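Subject: Structure handover

Hello,

Here is the structure I said I would pass on.

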Amino acid sequence: MAPEVKKQCCESLPFDVLSNLPENVIDIILMCLPFRDAVRTSILSNIWRYKWCRLPELTLDDAFWKTKNNLICHTTAITKIIYHILIFHEGPITKFTLCVPKSRSCPMIDDLIYFLAKNGIRDLVLKLPFKSEPYELPPSFFKSLQLRNLNLQNCLILRPPTFKGLDRLIRLELCEVSISSEELGSLISHCLLLEHLVLYIAETYSNLIEINAPMLKSFYFAGSVRSIFLKNIPLLAKLLLASSDTDYFGEEKWDIVKFFESFESFSALEHIYLNMIFAAEASEVPMRLPFNLNSVKRLDISVDLYNSVEVSCALCLIRSFPYLQYMDISEAYPKYDIEEAYQVECTSDVTFNHLREVRLTLASGSIIEMQLAKLLLANSPMLVRMLFASCVVKASAAVKKLAAELTTFQRASPKAEVSFIEN
């Protein structure tokens with residue numbers, strides 16, 4: 001650039017460009033910055049000083065607390081930061097995330113929640129892994145009537161008798177919270193607009209958690225599946241159930257038909273994901289459920305292929321979803337160099353007339369895994385693609401060999417492609 005042109009450009013610009021930015025531009029810049037950096041903009045000029053105080057969205061997560069040496073985990077430091085927010089912030093706060101590193105406690109959180117409830121909080125994330133006891137939500141929390149999205153972790157929930165629900169809540173996520181099954185069921189039923197529910201429940205309740213949410217569209221549950229009863233969820237489209245590692249039945253018999261009997265009314269259910277420990281007598285597993293779930297289009301299921309009961313339960317469910325289009329089966333417990341305990345019969349009692357794509361994530365390329373693949377290939381006339389993957393690196397070659405052998409296997413669909421994909 002010529003010296004004359006460069007001089008003219010410099011002369012045409014204000015001496016302090018940052019101080020002369022429009023207010024809306026400053027707000028956009030601050031919104032794009034991590035909260036720590038947004039606060040630091042106060043040193044740019046007098047114009048920028050405390051501009052961060054009107055931010056409607058604040059995030060105090062692990063990245064915020066992290067320093068060059070370690071995480072800020074002292075209660076005094078956390079308290080001081082929250083105190084400054086309470087003193088200096090102006091205007092509404094619509095979204096707030098607080099992920100406190102492990103510390104003993106933080107007495108200012110009660111004041112913070114009161115402040116948020118007063119300022120129209122809509123999206124709230126509280127993750128409070130205190131070392132002593134779970135944090136008990138204060139009464140002011142239940143006055144946050146503008147909440148749309150709520151995510152709580154390591155909290156104690158004791159609803160006041162006067163609480164009538166969060167009637168605008170759309171998404172609720174609870175992880176390792178302390179709450180009775182009755183209170184949890186009541187909380188869910190009083191969120192009349194709830195569409196998305198996520199529950200990570202570590203303990204096993206003696207009483208069932210009733211899921212009564214007429215507007216619910218997706219539900220993810222991780223814990224003891226015996227603890228839940230899907231009562232009234234007519235709009236449910238996506239269901240994910242993952243049993244905890246400690247969710248075993250012992251001598252107690254598990255009735256697969258009884259567990260799934262409420263599903264008969266789920267006419268909107270399209271996607272089911274199951275990662276469960278199936279336990280029952282092999283002779284008690286029916287060939288199929290007493291009813292078909294015609295709306296289910298996709299099934300993702302994790303199965304112990306060397307457990308005949310689990311395979312029987314899985315096949316019972318698969319037979320009961322006649323309109324399946326996509327299926328993903330993965331080996332739950334990889335095993336190597338074991339004797340084949342039983343055979344998966346390539347029966348013709350079921351035909352997957354709508355199945356278009358299958359993904360098998362296997363562990364060893366064993367005879368059982370081969371039989372399962374042949375069963376699906378022989379009974380899926382509309383199949384377009386069968387994909388194989390290995391769930392462990394050491395079995396990759398064996399699973400790849402299995403896929404290669406199946407490329408010549410006679411299948412019901414002449415268009416079906418069989419291939420191996422690298423993870």
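Predicted model: local features only at pLDDT ≥ 70, side-chain atom pairs only at ≥ 80, totals over all residues.

Helix α10

Helix α10 runs over residues 367-378, which makes 12 residues. From first C-alpha to last it reaches 16 Å, close to the 16 Å expected at 1.5 Å a residue. The helix is mostly covered, with nine of its 12 residues buried. Those buried residues are Ile368, Glu369, Met370, Gln371, Leu372, Ala373, Leu375, Leu376 and Leu377. As for what they pack against, the partners include two helices, α9 (308-319) and α11 (396-406). The strands β15 (326-331), β16 (357-362), β17 (385-390) and β18 (417-420) are also packed against by the buried residues of α10.

Cavities

Rolling a probe the size of a water molecule over the atoms shows where empty space is left. Searching the whole structure gives three cavities of 30 Å³ or more. The largest cavity has a volume of about 60 Å³. Its lining consists of Val303, Leu305, Val311, Ala314, Leu315, Ile318, Ile329 and Leu372. Helix α9 gives the most to this lining, with four residues. Leu372, one of the buried residues of α10, is also among the lining residues of the largest cavity. By residue class, the lining has eight nonpolar residues, no polar ones and no charged ones.

Salt bridges

Side chains of opposite charge can pair when their charged atoms come close. The structure holds nine salt bridges, and three of them are described here.

Glu23 pairs with Arg54, with the closest N and O atoms 2.5 Å apart. Glu23 counts as partly exposed, because its relative accessibility is 38%. Arg54 is also partly exposed, at 32%.

Arg54 forms a salt bridge with Asp27 as well, and here the closest N and O atoms are 2.9 Å apart. Since Asp27 lies in helix α2 and Arg54 in the loop between α3 and β1, the pair ties together parts that are 27 residues apart in sequence. Asp27 has a relative accessibility of 28% and therefore counts as partly exposed. Glu23, Asp27, Lys51 and Arg54 are linked in a network of salt bridges.

Glu210 is partly exposed at 37% relative accessibility. Lys231 is partly exposed too, with a relative accessible area of 45%.

Cys191

Is Cys191 buried or exposed? It counts as buried, because its relative accessibility is 2% and the cut-off for buried is under 20%. Cys191 lies in the loop between α7 (181-189) and β8 (196-200). Leaving out residues up to four places away in sequence, Cys191 touches Leu166 and Leu169. The C-alpha atoms of Cys191 and Asn212 are separated by 9.5 Å, and the two residues are 21 residues apart along the chain.

Regards

Methods: Residues numbered from 1 in each chain as written. Heavy atoms only, no water. Expected span 1.5 Å × (residues − 1). Buried < 20%, exposed > 50% of the residue type's maximum accessible area, 1.4 Å probe, protein only. Contact = heavy atoms within 4.5 Å. 1 Å grid on protein atoms, 1.4 Å probe; cavity = no way out; pocket = protein on both sides within 12 Å on 5 of 7 lines; lining within 4 Å. Points joined across faces, edges and corners; volume = space filled by probe spheres on them. Nonpolar A, V, L, I, M, F, W, Y, C, P; charged D, E, K, R; others polar. Salt bridge = Lys/Arg side-chain N within 4 Å of Asp/Glu carboxyl O.
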